[in-house]
Amino acid sequence: MENLWSNEVRGVVPDDFHGRVGWQSPSNIALVKYWGKRGKQLPQNPSISFTLSECHTETFVSFAKAERFGFKFLFDGKENPAFGAKIEKFLDENQAFFPFLNQLALTVESRNTFPHSSGIASSASSMSAFVMCLLDIERSLSPELVERPKGRPTTINPQKASYFSRLASGSAARSVFPKMALWGATNCYPNSSDEYAISLENDIHPVFKTYRDNILIVSDAQKSVSSRAGHALMEGNPYAPARYAQANENIKNLLSALKSGDLDSFINITESEALQLHALMMCSQPSFILMKPNTLQIIDTVQRFREETQIPLCFTLDAGPNVHLLYPDNEAGKVEQLIKDELVSYCNNGSCIADHIGEGPKKKL
Ligand code: PMV
């Protein structure tokens with residue numbers, strides 16, 4: 001599997017080869033969480049996510065034939081070697097897949113539509129946006145690779161995009177699909193794989209295609225534990241085997257709830273997964289408490305509101321203190337009122353991002 005796409009491009013880059021490509025790619029929010037990895041960016045358990053829309057990265061890559069590999073990275077219009085380092089590392093580790101790179105100079109320009117300091121992980125959107133650009137360059141270099149279904153525009157193979165996005169940042173594997181994605185092998189879903197994510201779009205009840213996600217920014221401070229360090233801490237965590245078994249069970253039950261539109265099970269599994277992720281961090285060595293008092297205030301308010309109104313509003317968390325509020329579109333009026341009346345006061349400077357389930361990457365140039 002490792003060499004799935006390694007031999008597609010061969011040969012010398014033409015002297016006049018140059019151009020500019022651009023892609024936007026969304027962030028995603030996991031419902032069943034990926035926490036713990038093995039080997040080369042392989043997950044210890046399968047995960048399922050909503051693809052977002054408003055929270056995305058736009059990346060443009062200018063490329064030109066050069067004597068040797070060249071790389072410059074600009075974030076928000078300014079050179080930012082620290083942000084570019086992760087992409088350079090990815091390219092370095094995977095150069096065998098992209099042999100044309102050592103004859104190209106690249107200038108990467110990237111920006112996020114969500115504030116960098118919002119505490120929202122940007123690696124899923126930024127890495128998948130870059131991979132889409134890279135595969136676009138590869139495609140223009142290799143006309144024989146172009147898939148041209150009759151009467152339709154050329155496409156980039158989403159499975160291949162997911163595979164390389166995964167190598168750049170695990171959760172990025174799920175960002176290249178519309179609506180919802182499953183990453184990780186499970187015998188509950190055909191063709192699922194640890195190597196790339198697959199689309200769940202055709203296996204979910206219509207109600208989930210209307211889902212909104214309001215992200216309540218409790219704190220915009222940088223995370224005190226990187227996800228790389230967090231995954232590594234799972235290796236010594238005594239609860240790890242139980243966690244992986246539980247995640248597989250949650251995948252099975254969530255897939256069935258997604259198909260039937262069973263909102264009660266969806267809520268149960270989603271909230272339990274969020275709390276388990278934080279429980280795992282709390283019992284790792286060293287341990288981390290990433291929730292803040294206001295995170296708990298929001299969770300408490302959401303659960304009380306659900307109890308009182310029977311409105312199927314639930315929460316999930318990423319590896320940080322900010323809270324994602326998930327609910328179907330037809331409940332937007334009442335949930336927005338709740339946010340305004342009670343929840344916004346728990347947010348940092350009233351900061352909240354209104355997002356919704358989205359369509360996956362889009363070509364910009
Ligand atoms: O893709 P990474 O290595 O940044 O890990 C992401 C981990 C979580 O966001 C906490 C969970 C997930 O599945 O996205």
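Rings of Phe, Tyr and Trp (its six-membered ring) count as a pair if their centres lie within 6.5 Å; planes under 30 degrees apart are stacked, over 60 edge-to-face, and the rest tilted. By that rule, a search of the whole structure finds 15 aromatic pairs. One of them is Phe-50 with Tyr-211, a stacked pair with 5.5 Å centre to centre and 25° between the planes. This pair links distant parts of the chain: Phe-50 belongs to strand β4 (residues 47-65) and Tyr-211 to strand β10 (residues 211-216), 161 residues apart. Strands here are DSSP runs of E with at least two residues, helices are runs of H or I with at least four, and both are numbered from the N terminus.

The model is predicted: local features need pLDDT of at least 70, side-chain atom pairs count only at pLDDT 80 or more, and totals for chains, interfaces and linings use all residues. Residues are numbered from 1 along each chain as its sequence is written, and side-chain values use heavy atoms, with hydrogens and water left out.

Tyr-211 has another ring partner. Phe-208 pairs with Tyr-211 in a tilted arrangement, 5.4 Å centre to centre and 35° between the planes. Phe-208 and Tyr-211 are both buried, and Phe-50 is buried too. Buried means under 20% relative accessible area, exposed means over 50%, and partly exposed lies in between (1.4 Å probe, protein chains only).

What surrounds β10? Five of the six residues of β10 are buried, so the strand is largely enclosed by the rest of the structure. β10 runs antiparallel to strand β12 (residues 323-328), joined by six bridges; two strands pair if DSSP finds at least two bridges between them. In β12, Leu-326 is the bridge partner of Asp-213. β10 also pairs with strand β13 (residues 352-356), again antiparallel, over five bridges. There, Ile-353 in β13 is the bridge partner of Ile-215.

Now turn to Lys-363, in strand β14 (residues 362-363). Lys-363 is partly exposed, at a relative accessible area of 41%. Setting aside residues up to four places away in sequence, Lys-363 touches Gly-22, Trp-23, Asp-136 and Arg-139, where contact means heavy atoms within 4.5 Å. The side chains of Lys-363 and Asp-136 are joined by a polar contact of 2.6 Å. A polar contact is a pair of N or O atoms within 3.5 Å; within protein, one must be able to donate a hydrogen and the other to accept it, and residues adjacent in sequence count only if both atoms are side-chain atoms. The Lys-363 side chain also reaches the backbone oxygen of Leu-365, at 2.5 Å.
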